[in-house]
Amino acid sequence: AETLLMTNILQRGWTIVTADYEGPNNNWGVAETTAKGVLDGIRAAESFGPAGLIKGKDTPVGMVGYSGGGNATGWANEWATSYAPELNLVGAAYGGVGTKLQRVVSALNGQLFAGIAFAGIFGVTSGYPEIDMNQYLNKRGKQVMKELKSPHYGCITDFVFKYAFQKFRDLLNVQDRDLLTRPQFLAIADDNRLGRDRPKAPVYWYQTYYDQMNGYWHAREVANKYCADGQQVYFETSYKEEHAMQAFSRPQRAYDWLSARFGERPMKTNCDAIG
């Protein structure tokens, strides 16, 4: 599916870099690992001689991503000013974003896509070595964590339906079923939410009202914060699709938007109408 989407980008004559932003420990959902993975990937591409790119401000860069890739794009945009100030980021387009871990877990837990919530919990906590999840998990929970950390579960399609309608509390020891509401886990969730910093590049954000990850209203809050911080934002709402459908219906508009940024054309914003 990703190859089909990238083919259209290649036909526009653009160079693509897609980084393994989760890192060697599969830290899916960790903002710092993800942001640095994306930005270091761009640096690597600009340093790769055969690509024919020039390092720094002479090479305009656009970022685009959806769902997990949307989070990666958003975090990279927020980290870019401090971590990669030399990159010439002209635009960041993302959609289907889960802006808060608690909301995602709450929305997906016990539902069809519960496996995404489980993978997110184990991915985020793997980025915090001081957290030993094994001590909180029962036998079933340890097995699920082992499966999700296996190389055989490298793509979301490998596990998205495997744990359908299961609940995270059933993976925990009885005394640990309040785990995700404990202060240290709330602090980790806060570390890894979108909206902590002003994004470096203008933003095109597309979000469906009927997203299963319950991210719509907080996405609007973050977009409004970006506007208040002085960044250009166009926030687009869809009322016709759910999460998976939007993954394939909107990318062309995101590419067209990036094309306008590469062409240095004036950007339409709707900060006064996001609400």
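Select Thr125 to start: Thr125 is buried, at a relative accessible area of 7% (buried means under 20%, exposed over 50%, partly exposed in between, with a 1.4 Å probe and protein chains only). The model is predicted: local features need pLDDT of at least 70 and side-chain atom pairs count only at pLDDT 80 or more, while totals for chains, interfaces and linings use all residues. Residues are numbered from 1 along each chain as its sequence is written, and side-chain values use heavy atoms, with hydrogens and water left out.

Thr125 belongs to helix 5 (residues 114–125); helices (H or I, at least four residues) and strands (E, at least two) are DSSP runs numbered from the N terminus. Leaving aside residues up to four places away in sequence, Thr125 touches Ile131, Met133 and Phe185, where contact means heavy atoms within 4.5 Å.

Next, select strand 2 (residues 88–95). Seven of its eight residues are buried, so strand 2 is largely enclosed by the rest of the structure. Strand 1 (residues 60–66) pairs with strand 2 in the parallel sense over seven bridges; two strands pair if DSSP finds at least two bridges between them. To see one of these bridges, pick Tyr66 and its partner in strand 2, Gly95. Strand 3 (residues 203–210) also runs parallel to strand 2, joined by four bridges. Ala92 has Val203 of strand 3 as its bridge partner.

The salt bridges come next. The structure holds 13 of them, each a side-chain nitrogen of Lys or Arg within 4 Å of a carboxyl oxygen of Asp or Glu. Select Glu86 and Arg43, whose side chains meet in a salt bridge of 2.7 Å, N to O. Glu86 sits in the loop between helix 3 and strand 2, and Arg43 in helix 2 (residues 31–47), so this pair links distant parts of the chain, 43 residues apart. Glu86 is partly exposed at 36% relative accessible area, and Arg43 is partly exposed at 23%.

Move to Arg253 and Glu236, which meet in a salt bridge of 2.6 Å, N to O. Arg253 lies in helix 10 (residues 251–262) and Glu236 in strand 4, so the pair ties together parts 17 residues apart in sequence. Arg253 is partly exposed at 42%, whereas Glu236 is buried at 10%.

Glu236, Glu241, Arg250 and Arg253 are linked in a network of salt bridges.
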